[in-house]
Amino acid sequence: MNKDDFSTLYRQHFDQVYRYLFSRLGNQQDVEDLCSQTFIQAYKSFASLRDPARFLPWVFKISRNKLNDFWRRQKPIVALDDELGSGSPNLLHSTEELERHERIAQLIRNLPEKDQELIRLRYLGELSFREISQVMGKSEGATKKSLYRLLAQLQSRME
Amino acid sequence: MSAQFNEFEKEIRESFSLPRSRAEYKEQLLQNLPLEKSLRHNWLDHLQLGWKLSMASLIMLAIAVFAVGPQRVLGQIQTWLGYVPNRGYVDLNSPMRVLREPVKSTREGVTVEVLSALLTGNETFMEYSVFGIPKEAIPNQESMEGCQERPFLRLPDGQILEQTKNGYPAVPREMNSATLVIPCITNTLPGKVPEHWELPLQFVASDKAPTSLPVVEEKPLPSTVETTSQAINAPVERGFGIEITRVIETPNGYILIGTVPTQNGDKLYQTFRHTPVISDATGKVIATRMPVDSNLINTDVLSALNAQGLDAWIVEFDIRDLSFPLTINYSLQQTINFDPIQMVDLTVDLGGTPALGEPVTVQKTLQIAGQKFTLLSVTPFADGYSFTIQLEGKQTSVGVEILGVQGLGAGGGLNPESKVQSTSIQYEKRPESPLNLRFSNLKVDGELVTLSTSWQPQAAHAPLPVASEDSKLCLNSTPLDTTGLERLNGEGWLLTSYDAQPEKRFVILSGLTLQDQTTLTENGFWAEFSPDGKKVYYVDNGQLAIFDIANQTTQQSDIFTQSRFELSNDGIGLAFISSWADGSSEIDITTLNAGGLYVVSKEIGAELVGWAADGKSLYYLVPSFSHDLWKVMHYDFTLHKSTEIFTITDATAKKIDAHISPDSKWIAYRARDNSSVRLISTDGQNSQLLAENANVVAIQWVKANLIIMTVKTSQAEKLKPLLVNIDDCTIRLVPESADMTIQDIYIP
C-alpha cells in the first residue's frame, strides 16, 4: 500500500477518529493534537498494515494508546471558552429534545467505563461490531450482545 | 453508516453534541504527515524531474547518515542549508525571491488572493487565502466528497509544478513569473462555487525576503545514563545516549534537534515526555517549547534515524537570563513483560448462588516470579465475572482466566493511583462456582533511565532583539517569578467557573479574593458583568440568565445560546452566536430593552470580538476558508450594515480568542504560535506584541488598560490567570485553584 492508499483511508475515516477523540477530550486543541499524533503514527507504520480492511480498528487502537499516553502525561485542562463553539443545537431544537438528549447523556455518563467506550466506538467512531471486537479484544458475538443489552437498558430507563 | 442506526441510536449519537472537525485542519494534517522511508519511493514518483534532482542530495544525506553517523554528515549541511521559520530548510546557494505584489480575484462572491510567495533554491512556498465560501458548498455528510484536485504552478514554458508537502518545487532561477492554477477550491462540492482559477504571479529578488536562520553542526558530546538501580557517570556507548544532531539559532535562542534510543539490546523503552528537561549552569530548569513549525524542522535526516530504533526530539528555548552550559536530561521508562510461562492458579468458591453485581471478597495474595499481588474480590454478572486485583509496586497488569472455559471477551483497566486492576470477562454462559482461576502474563515497569548530556553553543549568539520604546511586551517565555507580586484584592467582584465533574460546570460569583461565594448555576459557562457591575449575565443550561447582585434574584431570558456572548457598554445590546444542528452558526444581536433579533453575519466560522465603546457598533471576525487569516468586520448597529476593515494575518488557526478593549482601541488575540498575544488597533494601523511565547491560553479585558491573560505554567500544565496593566506591564495575581477558570472581573 502506498501514500495514495493512506490518503484515501485517511479521508474516509478521519471524522470517525476525530469524533471519538472529541468525546474523550472535550476541547478542540487537545483533540487536534491527539488526532495529529494518531495519524502521524499511523502514517509511519502504514507499511506494516497488510489488509486495508483492518485500517479502522488499527487506527482506533493507535488513538486509544495516544489517549492513554495523554492521560498519563497530564491532567486535562479546560481553558476559558475551550469547550465552546461546538455545533450544539439550540434554537433549532425544542426544549423537550434538548432535555431528552441531556437525559440520555446523563444515563451514558453513569454507565461503567467499558460500556461508555462501547457506545463511543459504535455511535461516534461508527465502527462495525467486528471492528469494535478487534479494538476491544472481545469476540464479535460478545460485542453485539453487550451493545444490545446496553441499548435495551438505556431505552427502558428513558421510558 | 449513520443511516443504519434506528431513531434511538441516532438520539444517542446526537446526545454527545459533538462539533465537526475543521476541514482545513483535516486537509493540512494530511499534507503535513512526515515522509517515511517506506513511502518515500511512491512519493517521489509524483515529483517532477528537476525537483527529483534537487531532492536527491537530501536523500543522499539520509543514506550517508546510516553509513557514517549524523554528526559528520550534518557538518556538511550547514554550508548550504538555512532555516526560515514556518517555511522549512532553504538552499542558501540560491538567492530568495518573493511575490512582486499580492494578486486577487473575485468571482460570484468568492475571493482568492495570493498574499505572499517565497522562492528558494529548493522549494516554492505560496500563501493564499479563500473567503466567501457558502455553507452549501461544504460537504456536511461523510458520503459527500469535496473537491480534492490540488492546485499547481504553471511556468511560462508550460511546465507544471505539482503541489508537494510544503509548497511546490523550485521555480527555475531564470523564470520570474508563473500562474497559480486552482482547478477547484479544496473540499468544496462540485458546481457550488466557481472553479478553474488562474492567478498570474510575478516574482522579484527582494530585501523583503525573510532572513534564514543558521543551521549549525553539533559535535558529539559525552552522554551519561542514570538508572533507578545504578548510576553510570561515565560516557556511554554510542547508540544508548542522548544526542544533539542539529542546532538552529533563532533570534531569541535556539532550537535543538536530537535523538534518544528506544531500545538497548533486548530492553524496550518508552518515552513519557516528548521533549527533554533542560537546566542551565545554575541548575535552574529553563522554559522550553516545541517550535510551532516542528513538523518542518524534524524531517529528512532524523526521520531516517527513526528506523534505527531512535526517537527524534526537538525543543526550542530563549536564552535571556540563562547561563551555559546547559544540562539536557531525557527520561525513558523500561517496560518488562514477565515470562508468560510463569503463572499461578487459585480455586475460588463463591458459595451457592452469588447475587449478581455483589462483590464476593476473596482477599488472597498470590505470587508470580517473586512478584506479589492480591485478588481482592470477584463480582458475578449476568454472563461473566469481574475480578478486582490489587497490584503492587511497579506492576502494571496481570492476566486472569477461568480454566476450562473459553471467554467471549474481556475488558478492564488499572487505576494508576490505587493500583487496583479491574478485569471483566464475558462468557457464552457464566461458569458455575467454584472457579479455577489462572493468573499469568504479569507486566512490570522496569528501570527508569535518565539520559544526560551537556551543551553550549560553539559561537556566541547574535545580539538579542531590543524592545522599542512603545513596546507593550509584558510577558515572555521566561517563567514568571510571582514572589512579590501583588494579589488582587479590595473592592470588586470575581466570576469564576469550576469544573466539578466533566459534564458539570459551576459558575460562581465572589469577592476578589474568592470570599462570599454564590453559586449561580451548576451547568453554565461564559459569564460576564454588566458594565456597571450590578448584574451578571451567564449561560445557564443553554439559556441566557441575568443575576441581580444587590437583590440576589435571577431572571431567565428567552435567548438560547451555547456559546460566547458580548454585552455592549451601555448594557443594551447583546451579541451572541447561534449554533445550528447542521454545524453552521450565525452572529445575532438583540437588545435587552426592546428585544428584536438582528442577523449580523451568517459567514462560516465568524467569531465575536466585542462592542465599540459607544455601543453603536460591533466588531467580529470572519475566517478564511483555511482559518489562517481573519477579516476584521465592523457592523454598524444604526445602519445594520457590515464593512470589512482589515485582515489579521498572524493569528492562531486554533482558538483566536479575540477581544476588543473597553475603549475600543485595541483588539487582543492569540497569535499564530498558539502561545503569544498580539494587540492590533481597531483601524489595523498599529500592531504590538503583548506576550511572546508565554503559553497564553485565554485572554479577557477588564478595563481599557487591564487584561487577564491565562498562562499555562510548566508545573503540571497548571493554569495561572494574571491581571496585566498594559500601560506599565505591572502584573497582579488573580485567585486560582484547580479546575477553576476566571470568567470576568469587575473592579469599580
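I note here that the model is predicted.

**Entry 1: the geometry of the helix pairs**

I recall that two packed helices are described by the angle between their axes and the distance between the axes. I looked up both values for helix α5 (residues 113–124) of chain A and helix α7 (residues 140–158) of chain A: the angle is about 100 degrees, and the axes are 10 Å apart. That makes α5(A) roughly perpendicular to α7(A), since angles of 65 to 115 degrees count as such.

I then turned to helix α6 (residues 129–136) of chain A, which also packs with α7(A). The angle is about 105 degrees, with the axes 8 Å apart. I therefore record α6(A) and α7(A) as roughly perpendicular to each other. Which residues of α6(A) and α7(A) meet? On the side of α6(A) I listed A:Phe129, A:Arg130, A:Ile132, A:Ser133 and A:Met136. On the side of α7(A) I listed A:Glu140, A:Thr143 and A:Lys144. The contact of α6(A) with α7(A) has 3 nonpolar, 2 polar and 3 charged residues.

**Entry 2: chain B as a whole**

I next took up chain B, which has 7 helices and 53 strands. Of its 748 residues, 36% are buried. I also checked the contacts in chain B with a separation of 6 or more: residues 24 or more positions apart account for 55% of them.

**Entry 3: two open sheets in chain B**

I traced an open sheet of 4 strands in chain B and wrote down the order β33-β34-β35-β36, with antiparallel pairing. Its edge strands are β33 (524–529) and β36 (553–560) of chain B, each of which pairs on one side only. From one strand to the next, the twist averages 25 degrees. Within this part of chain B, strand β34 (residues 535–540) and strand β35 (residues 543–548) run antiparallel and are joined by 6 bridges. I looked up one partner by name: B:Val536 has B:Phe547 in β35(B) as its bridge partner.

I traced a further open sheet of 4 strands in chain B, in the order β45-β46-β47-β48, and its pairing is antiparallel. β45 (659–660) and β48 (687–691) of chain B stand at the edges, each with a single partner strand, so one side of each is left without a neighbour in the sheet. Strand β47 (residues 677–681) of chain B is joined to β48(B) by 4 bridges, and the two run antiparallel. For B:Ile680, I found the bridge partner B:Ser687 in β48(B).

**Entry 4: a hairpin in chain B**

I examined strand β43 (residues 630–636) and strand β44 (residues 641–648) of chain B, which pair in the antiparallel sense over 7 bridges. The bridge partner of B:Asp636 is B:Lys641 in β44(B). How many residues lie between the strands of the hairpin of β43(B) and β44(B)? I recorded 4 residues there, and in this hairpin B:His640 takes a positive phi near 55 degrees.

**Entry 5: positive phi in loops**

I looked up B:Glu108, a residue other than glycine with a positive phi near 50 degrees. B:Glu108 is placed in the loop between β4 (103–107) and β5 (110–119) of chain B. Is B:Glu108 buried or exposed? I found B:Glu108 to be exposed, because 9 other C-beta atoms lie within 10 Å, and 12 or fewer is the cut-off.

B:Lys419 is not a glycine, yet its phi is positive, at about 60 degrees. I located B:Lys419 in the loop between β26 (407–415) and β27 of chain B. B:Lys419 counts as partly exposed, because it has 16 C-beta neighbours inside 10 Å.

**Entry 6: cis peptide bonds**

I checked the peptide bond from B:Phe324 to B:Pro325 and found it to be cis, with omega near 0 degrees. B:Pro325 lies in the loop between β19 (310–318) and β20 (326–337) of chain B. I also noted a cis peptide bond that joins B:Ser433 and B:Pro434, with omega about 5 degrees. The loop that holds B:Pro434 is between β27 (420–427) and β28 (435–455) of chain B.

How values were computed: Residues numbered from 1 in each chain as written. Chains lettered and ligands numbered in written order. Predicted model: local features only at pLDDT ≥ 70, side-chain atom pairs only at ≥ 80, totals over all residues. Axes fitted to C-alpha atoms, helices over the stretch in contact; angles between N-to-C directions. Parallel < 35°, antiparallel > 145°, perpendicular 65-115°, else oblique. Buried ≥ 20, exposed ≤ 12 C-beta atoms within 10 Å, placed from the backbone. Contact = placed C-beta atoms within 7 Å. Pairing = 2+ DSSP bridges. Nonpolar A, V, L, I, M, F, W, Y, C, P; charged D, E, K, R; others polar.
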